[in-house]
There are 2 protein chains.
Amino acid sequence: MAEKIKMNRSPVTLKDISQRTGYSVNTISHALNGKKDISDKTRKLIAETAEEMGYIRNSLAGGLRSGITGTIAVIVSDISNPLFGIMVKEMEILLRKWNVNLFIMNTNEDAATEEKAILSALGHNVDGLIICPTQKDSDILHRLDMEHVPYVLLGRKPNGESASNYVVWDDFQGGYEATKYLISLGHKRILCLSGPSYISSAKERLAGYHQALYEAGIPLCPELIHEVQPVGEDLKEILTDSFALPDGFTAVFAFSDMIAWETIYQLNELGKKVPEDISVVGFDGIQSKMPFPCKLTTILTPKTKMATQVVKTLMNLIYQKFEAVTQTTIPVQLIVRDTTQAK
Amino acid sequence: MAEKIKMNRSPVTLKDISQRTGYSVNTISHALNGKKDISDKTRKLIAETAEEMGYIRNSLAGGLRSGITGTIAVIVSDISNPLFGIMVKEMEILLRKWNVNLFIMNTNEDAATEEKAILSALGHNVDGLIICPTQKDSDILHRLDMEHVPYVLLGRKPNGESASNYVVWDDFQGGYEATKYLISLGHKRILCLSGPSYISSAKERLAGYHQALYEAGIPLCPELIHEVQPVGEDLKEILTDSFALPDGFTAVFAFSDMIAWETIYQLNELGKKVPEDISVVGFDGIQSKMPFPCKLTTILTPKTKMATQVVKTLMNLIYQKFEAVTQTTIPVQLIVRDTTQAK
DNA sequence: AATAAAACTGGAAACATTTACGGATATGGG
DNA sequence: CCCATATCCGTAAATGTTTCCAGTTTTATT
């Protein structure tokens, strides 16, 4: 952070209002904040003068003294991912009602960036954090625990036996239902395009996939399970290789809509039609909030509900000091559309 | 903002480091900030002690005294719109290098919300703002001018003769090229799905549309020009009505990719094929950053360039006090893909 | 060895607000 | 009329940092 050449605002302060009205700075503060015993007449006069003079409360000074800054940091992997965009928007609108402002930070799934972001947030004395953790082991969350900073994990459960508060979707259920549905359509060779195994949601979706296969008595084929990158260049190769397997594959379960779309695109490039040749199921249901022409069969994850629940949990932690651990799992829903059909 | 029950952090302060090392608070501050003459030995010792004690600079206190908070507010209509998501992400990553944090705020294209957001940002003493203004007349930008708060407009030019700094795409060029291209394919009845006329970018795109028609000697049909809402329920009606016109239409120029996608979807619902029956051109080129299966012909607006330029302009304003007005127009590019064909 | 300059460090004020505490005036009941 | 209580308001300390001003020690130069 370079050096700013000179201060350019000279905002009106409580002192200014004090001089104008004749009341003490203290009284002004109390009047504006509804504290203490101030006569209605005085309160009204002060409020009007403040308004007239264009007073804006200085959150830095207030926060410094009181410990409440009215700020929350939201730390996600990638705000340009509509999944996060939708939720962050929802949160921001909710929080504005309480005059709480949002810092937004991207980790890019990098642990060092995550740590830097969290420390920076702490330096700004945020009242709390909402974090979609990278889960590449880092002890930064422990630090938050140590310092008793309220935070809620978004979409991913903590590693190990941590008692962090979190809100997640039912990823196991989603993996299970997606796979079971494909099986019900007669598919047996289901390519699974998973996420990194250290991320809890990917782990659970994969467990759901396993469970569905197991219940249907279909043998598990490790060569049909791949970890792909968010926007993977390796996808084409995976598809080509999988077609070359002895039994090939007839369906794809992708762990995000982004991956599903990319898969459909690559399948087209390879001359395969969806759903005639290959069925594809996604995960997220981003489409439900955005009008894309391609109607993807997917697992719908309720994003508004998630955003609301996360905010509610955090506000409880901060303001009610509701110390009990709150861990919420939100059910998901299979949405059948146009990218799947019976084999 | 409710009341927080009690302070829960007791962070290590300069005073703590002072007591541990025996140096004055003043010296600690200077050592950590590279100011004044501090011996390398002392500086190193202080830095190590700070590190060891887990010191985090309190930006509130620092900002209060120095006037520099290391925060910037980004105010857009809708962070869940990937167009903004992509740019905000880019900005955040750029600014993190200077240890600058981003407040994100949604206006939802509402002037009152915009004003509230900006005032809130001022209360947090942001060093500057990046604003995609609603342009529904409000004098809030004047206030920023009055108070000499650095800000840069994003994607929209100021109303009237304001001397605001801005970075925009060449919307006129985009509107012109999109229309000209459709004309070159033999289209004469081009439905124009515009945005609100009080928004500068929409105005300019429409002017480009006019110009292209004019140059080609094609008469302007007011009934082919419609203002549509971001995610409009009225779209279906517009399309149906337009088909019912004496000469109908054979092509659509949509002012955003979102609208283009929605249009294609609705056209399919109406039994029309794209591009066989109707050609569609979008605006934004969101697809270029996201792998959707539908390859839309569109006007590509360089988003990374925009984000970089906005940040650069703002940083100049804040730190170099570069008072001259900076107004940048970034060229756009027609990308021909699969939703257009000759008539 | 004297003197100037450079290197190094501290004290205290300032930023704008909140809060703990206490003082003053008015109201009401006995 | 007196005391208790409620109502209304002010003083001063506190938050953690930066900055102004100044002081002391060390090094370099003649």
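Are B:Lys89 and A:Asp78 buried or exposed? Both are buried. The notes below start from that pair, in what is a predicted model.

1. **The pair across the chains.** B:Lys89 and A:Asp78 form a salt bridge. Their closest N and O atoms are 3.5 Å apart. B:Lys89 sits in helix α5 (residues 82-96) of chain B. A:Asp78 sits in the loop between β1 (71-76) and α5 of chain A, so the pair joins two chains. Side chains of opposite charge can pair when their charged atoms come close.

2. **Salt bridges, in total and between chains.** Over all chains, the structure holds 16 salt bridges. Between chain A and chain B the count is two.

3. **The interface.** How many residues of chain A are in contact with chain B? The number is 74, and they meet 74 residues of chain B. The size of an interface is often given as the accessible area lost when the parts come together. Here the area buried between chain A and chain B is about 7,200 Å². Carbon and sulfur atoms give 63% of that area. Polar contacts are also found, with 14 residue pairs across the interface, both residues at pLDDT 80 or more.

4. Several elements of chain A each supply at least two residues of the side that touches chain B. Among them are the helices α4 (59-66), α5 (82-96) and α6 (111-123). Strand β2 (101-106) is another. Helices α11 (257-269) and α12 (303-320) also take part.

5. **Helix α11 of chain A.** This helix has 13 residues. From first C-alpha to last, α11(A) reaches 18 Å, close to the 18 Å expected at 1.5 Å a residue. The helix is mostly covered, with 10 of its 13 residues buried. Those buried include A:Trp261, A:Met258, A:Ile259 and A:Leu267. What do the buried residues of α11(A) pack against? In chain A, they pack against the strands β6 (190-194), β8 (251-254), β9 (279-284) and β10 (297-300), and against helix α10 (235-243). A:Gly271 follows α11(A), and its phi is positive, near 85°.

6. **Helix α3 of chain B.** Residues 40-53 make up this helix, 14 in number. α3(B) reaches 20 Å from its first C-alpha to its last, close to the 20 Å expected at 1.5 Å a residue. B:Thr42, B:Ile46, B:Thr49 and B:Ala50 are buried. They cover an arc of only 100° around the axis, so they lie on the same side of α3(B). Their cover includes α1 (14-21) and α2 (25-33) of chain B. Which residues are exposed on the face turned away from the buried side of α3(B)? They are B:Asp40, B:Lys41, B:Lys44, B:Glu51 and B:Glu52. B:Gly54 follows the helix with a positive phi, near 75°.

7. **B:Met53 in that helix.** B:Met53 lies in helix α3 of chain B. B:Met53 is partly exposed, at a relative accessible area of 21%. The cut-off for buried is under 20%, so B:Met53 does not count as buried. Not counting residues up to four places away in sequence, B:Met53 touches B:Val12, B:Asp16, B:Ile17 and B:Arg20. The C-alpha atom of B:Leu239, 186 residues away along the chain, is separated from that of B:Met53 by 66 Å.

8. **B:Thr328.** This residue is in strand β11 (residues 327-330) of chain B. At 17% relative accessibility, B:Thr328 counts as buried. Leaving aside neighbours within four places in sequence, B:Thr328 is in contact with B:Tyr166, B:Val167, B:Val168 and B:Gln309.

9. **Two salt bridges inside chain A.** A:Arg96 and A:Glu92 meet in a salt bridge of 2.8 Å, N to O. They are four residues apart in helix α5 of chain A, so about one helical turn separates them. Both A:Arg96 and A:Glu92 are buried. A:Arg205 and A:Asp171 also meet in a salt bridge, at 2.8 Å, N to O. This pair links distant parts of the chain, 34 residues apart. A:Arg205 is in helix α9 (residues 200-215) and A:Asp171 in helix α8 (residues 171-184). A:Arg205 is buried, with a relative accessible area of 8%. A:Asp171 is buried as well, with 3%.

Definitions and conventions: Residues are numbered from 1 along each chain as its sequence is written. Chains are lettered from A and ligands numbered from 1 in the order in which they are written. This is a predicted model: local features need pLDDT of at least 70, side-chain atom pairs count only at pLDDT 80 or more; totals for chains, interfaces and linings use all residues. Side-chain values use heavy atoms; hydrogens and water are left out. The expected span of a helix is 1.5 Å times one less than its number of residues. Buried means under 20% relative accessible area, exposed over 50%, partly exposed in between (1.4 Å probe, protein chains only). The arc is that of the directions from the helix axis to the C-beta atoms. Contact means heavy atoms within 4.5 Å. Buried area is the accessible area (1.4 Å probe) that two parts lose on being put together, summed over both. A salt bridge is a side-chain nitrogen of Lys or Arg within 4 Å of a carboxyl oxygen of Asp or Glu. A polar contact is a pair of N or O atoms within 3.5 Å; within protein, one must be able to donate a hydrogen and the other to accept it, and residues adjacent in sequence count only if both atoms are side-chain atoms.
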